[in-house]
Amino acid sequence: MRSKGILISQLAAAAAIVLAAGCTSLEWHKPGTDAAALARDLAECRHSGRTQAQAETLPRAFTSPTPFATTSRAQPVVIGSNQRDADILLLEQDLTRACMEGKGYKLAPKTGDQ
């Protein structure tokens, strides 16, 4: 019975390690780019992504939901959305990511995260 308890403890510890590794925060990196340039490029790409996502999604009378937070994996968090809002938000996120990658950025774990 005691060995079963040890096995369960070991499995719980392994699961905790896997979950912690999956929660690593990501951020955009580009060699030789300072924080101000990153902020400008990200704002430009987000604006471009939002504008394009709204233009490509019908009907145009509605606007994209505004994320009120971002997860540790740089994914927006929205409350009270519907399927159309979710579609716009996902398209906006994909367009923003493509724009940043087009500018030479890559998503990588935050400095100091393990």
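Student: Which elements do the buried residues of α3 pack against?

Tutor: This is a predicted model, where local features need pLDDT of at least 70, side-chain atom pairs count only at pLDDT 80 or more, and totals for chains, interfaces and linings use all residues. Residues are numbered from 1 along each chain as its sequence is written, and side-chain values use heavy atoms, with hydrogens and water left out. Packing here rests on contact, meaning heavy atoms within 4.5 Å. By that test, the buried residues of α3 pack against β1, α2 and β3 (76-77).

Student: Which residues of α3 are buried?

Tutor: Buried means under 20% relative accessible area, exposed over 50%, and partly exposed in between (1.4 Å probe, protein chains only). In α3, the buried residues are Arg84, Asp85, Ile88, Leu89, Glu92, Gln93, Leu95, Thr96 and Met100.

Student: In what order do the elements of the protein chain run?

Tutor: Helices (H or I, at least four residues) and strands (E, at least two) are DSSP runs, numbered from the N terminus. The protein chain has 3 helices and 4 strands. From the N terminus on, the order is α-β-α-β-β-α-β.

Student: How far apart are the end C-alpha atoms of α3?

Tutor: The expected span of a helix is 1.5 Å times one less than its number of residues. For the 20 residues of α3, that gives 28 Å. The model agrees: the end C-alpha atoms are separated by 28 Å.

Student: Which residue just after α3 takes a positive phi?

Tutor: Helix α3 covers residues 83-102. Just after α3, a phi of about 95° belongs to Gly104.

Student: Which residues make up the largest nonpolar core?

Tutor: A nonpolar core is a set of buried Ala, Val, Leu, Ile, Met, Phe, Trp, Tyr and Cys residues joined through side-chain atoms within 4.5 Å. The largest one here has 5 residues. They are Trp28, Leu42, Cys45, Met100 and Tyr105.

Student: Which residues is Trp28 in contact with, leaving aside its neighbours within four places in sequence?

Tutor: Trp28 belongs to the largest nonpolar core. With those sequence neighbours left aside, its contacts are Leu38, Leu42, Arg97, Met100, Glu101, Tyr105, Lys106 and Leu107.

Student: Is the disulfide of Cys45 and Cys99 left-handed or right-handed?

Tutor: Look at the torsion about the S-S bond of Cys45 and Cys99, about -65°. That value makes the disulfide left-handed.

Student: How many residues apart in sequence are the parts that Cys45 and Cys99 tie together?

Tutor: Cys45 is buried at 0% relative accessible area, whereas Cys99 is partly exposed at 22%. Cys45 lies in helix α2 and Cys99 in helix α3, so the pair ties together parts whose separation in sequence is 54 residues.

Student: Which residue forms a salt bridge with Glu44?

Tutor: A salt bridge is a side-chain nitrogen of Lys or Arg within 4 Å of a carboxyl oxygen of Asp or Glu. The structure holds 3 salt bridges. In the one made by Glu44, the closest N and O atoms are 2.9 Å apart. Glu44 is in helix α2, and 59 residues away, in the loop between α3 and β4 (106-109), is its partner, Lys103.

Student: By about how much of a helical turn are Arg97 and Asp94 separated?

Tutor: The side chains of Arg97 and Asp94 meet in a salt bridge, 3.8 Å from N to O. An α-helix has 3.6 residues a turn, so residues three or four places apart point the same way. Arg97 and Asp94 are 3 residues apart in helix α3, which means a separation of about one helical turn.

Student: At what distance does the side chain of Lys30 reach the backbone oxygen of Lys103?

Tutor: Lys30 lies in the loop between β1 (26-29) and α2 (35-56). Not counting residues up to four places away in sequence, Lys30 touches Lys103, Gly104 and Tyr105. The side chain of Lys30 reaches the backbone oxygen of Lys103 at 2.7 Å.

Technical notes
A polar contact is a pair of N or O atoms within 3.5 Å; within protein, one must be able to donate a hydrogen and the other to accept it, and residues adjacent in sequence count only if both atoms are side-chain atoms. A disulfide is a pair of cysteine sulfur atoms within 2.5 Å.
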